[in-house]
Amino acid sequence: MGHPVPDHPDRGAAAGSGASTPHLLPAAAAVLLLALAVTAGYRTARRAERRLMHAVTTAPVSDLAQRRALQLEACRRHDLLLVYGSSEVVIEDPRHVSILLRDYPTGFAPVAIGQKAGRCVLHVQHLAALGRALRGKKVVVSLTATNFFEGNSMPADPYAGNFSRVSANELAFSTDLSAGVKQALARRMLGYPKTLEDDPLLAFALRQLADDSLKARALYYAALPLGRLQVRLLRLQDHWGALGCLHDPNLPPDPRAAAPGPRPPGNWLALAARAEREYRGRSDNNPFGFDNDLWRIRFPFGPHANPPGVRDANVRQSLAQAPEWDDLDTLLRVLHELGADPLLLVTPVKGTFFDRIGISADARRVCYDRLRALAREHGVPLVDFDDHDQDRAFLVDNSHLSSKGWVYYTYAMDAFFHGRRGRDLLLGPTPGGEGDYPAAEPVTSR
Amino acid sequence: VIANWYATLLTVAANPWVRAVGLTLYYLAILAGLVFLYGKRHFQTPPFVYQGF
């Protein structure tokens, strides 16, 4: 039983006048106005991305790895080189690649896309999110050798802090990647459930992808259209976020305008020698070549010295079970399926320090050899700088490049961008010659 | 004065065009509110302390 509903005064008046649905037109008008506003915002964001992309090369945008729109714009430029990596890529140095190549001296500039505490499990998501835009695009991935010494998976906090929802959705609902690759990625991503709490559709898709059953596959494909729609919405938000970054008043002007134009590269070896000389004065309070300030902070009482090789067994076990290997394998599969042209650069281990804490050169060799084998298996060129394992001036600590290290890194990137391969990626004496820089053996490109 | 204002308001509100515009703005405000509420957090990741450097 209920009360009779009194007639609304409008109802009688509107009957037969076409206004029996007084809310319909205003609602449609509101949706239309919103659509127009979104379109205008999207076009404004795209214009800003096109206009300001080059400024990003000299003043790296924070959270660039989580800005797919900007990475996509960099992909479209023939004179930008995407450089993915961890903290070593974003931590400032007077000879960082973005400074050495700031004004396009050899015709290109790098876009440094690094994340502090980043690992392959994150790089692969950001790269996969670019999809077909990577086809034929040169991409550099910087790896940290010490990450392969850690037997455990990446901790949840840095993963969550570096996670990108738009990248995760792009890969989960990608139609460019094979089911096998998506399954491998889904299984890894499900290991970080906190990042999926706010996105039930993504969590659902990843669970179906990780499952081998026919039912799971059917459910995934049933959710795919909705997922693609969600991806579209996230892309809009991504453009909006990029617009916010690019409206930073401190963003410098396009460096190309002030660039003197293409010119032959300088003497790289002389630059590296100068960087090494300068670094000596900043690393003289310890015998390993750590930066003085970092050494004071990290090891105020010095490192715990161990007999040579005493930790080798543990380290070999960690090396054998480090999840970073599988993640790197998946990353290389993704790059292959998307048609990218990758180069792997590896920051070597600080061998002098590892010797002291009981990890021998033989144990370290396991890491370098396995990296080379993996790169060879995928037909990807790799420069591991293992000849700098004992170099005091190549790293400022256990994993971050010094100015000298950056000169070597930049040389390899420059050579790679200009199509050189094999030993030509190495800064040093000509192959077969004698000198201070024994050549590593990069894998021949495919 | 208030009674006069109220009467004027009622007269204006009775105009179908004014009602349509008012409703449009009302729906637009709801949509904008939804975009604001659910759009912002997607790019906010939890902070963490980087201890590698």
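# Chatting through chains A and B

Student: Where do I start with strand β1 of chain A?
Tutor: Strand β1 (residues 80-85) and strand β3 (residues 138-144) of chain A run parallel and are joined by three bridges. Strands here are DSSP runs of E with at least two residues, helices are H or I runs of at least four, and both are numbered from the N terminus. Two strands pair if DSSP finds at least two bridges between them.

Student: Before we go on, what kind of model is this?
Tutor: This is a predicted model, where local features need pLDDT of at least 70 and side-chain atom pairs count only at pLDDT 80 or more, while totals for chains, interfaces and linings use all residues. Residues are numbered from 1 along each chain as its sequence is written, chains are lettered from A and ligands numbered from 1 in the order in which they are written, and side-chain values use heavy atoms, with hydrogens and water left out.

Student: Ok, back to the strands. Which residue is the bridge partner of Y84(A)?
Tutor: That's V141(A), in β3(A).

Student: And what's the strand order in the open sheet?
Tutor: The five strands go β2-β1-β3-β4-β5 in chain A, with parallel pairing. β2 (109-114) and β5 (382-383) of chain A are the edge strands with a single partner each, so one side of each has no neighbour in the sheet.

Student: New topic: how many residues does each chain give to the contact?
Tutor: Chain A gives 32 residues and chain B gives 17, where contact means heavy atoms within 4.5 Å.

Student: What area is buried there?
Tutor: About 2100 Å² between chain A and chain B, with carbon and sulfur atoms giving 71%. Buried area is the accessible area (1.4 Å probe) that two parts lose on being put together, summed over both.

Student: Which residues of chain A lose the most area to chain B?
Tutor: P26(A), L34(A) and Q237(A), which together make up 21% of what that side buries.

Student: How many salt bridges cross the interface?
Tutor: Zero between chain A and chain B. The rule asks for a side-chain nitrogen of Lys or Arg within 4 Å of a carboxyl oxygen of Asp or Glu.

Student: Which elements of chain A touch chain B, then?
Tutor: Those giving two or more residues are α2 (24-52), α7 (156-162), α8 (165-172), α11 (214-246) and α14 (292-298) of chain A. α2(A) gives the most, with seven residues.

Student: How many salt bridges are there over all chains?
Tutor: The whole structure has 26. One of the pairs is R95(A) with E278(A), whose closest N and O atoms are 3.0 Å apart. R95(A) sits in the loop between α4 (87-90) and α5 (97-100) of chain A, while E278(A) is in helix α13 (residues 268-280), 183 residues apart.

Student: Is R95(A) buried or exposed?
Tutor: R95(A) is buried, at 11% relative accessible area, and E278(A) is partly exposed at 44%. Buried means under 20% relative accessible area, exposed over 50%, and partly exposed in between (1.4 Å probe, protein chains only).

Student: What does R298(A) pair with?
Tutor: R298(A) forms a salt bridge with D397(A), at 3.4 Å between the closest N and O atoms. R298(A) lies in helix α14 and D397(A) in the loop between β5 and α19 (403-417) of chain A, 99 residues apart. D397(A) is buried, with 1% relative accessible area, and R298(A) is partly exposed at 28%.

Student: And what about R365(A)?
Tutor: The side chain of R365(A) meets that of D369(A) in a salt bridge (3.1 Å, N to O). They are four residues apart in helix α18 (residues 361-378) of chain A, so about one helical turn separates them.
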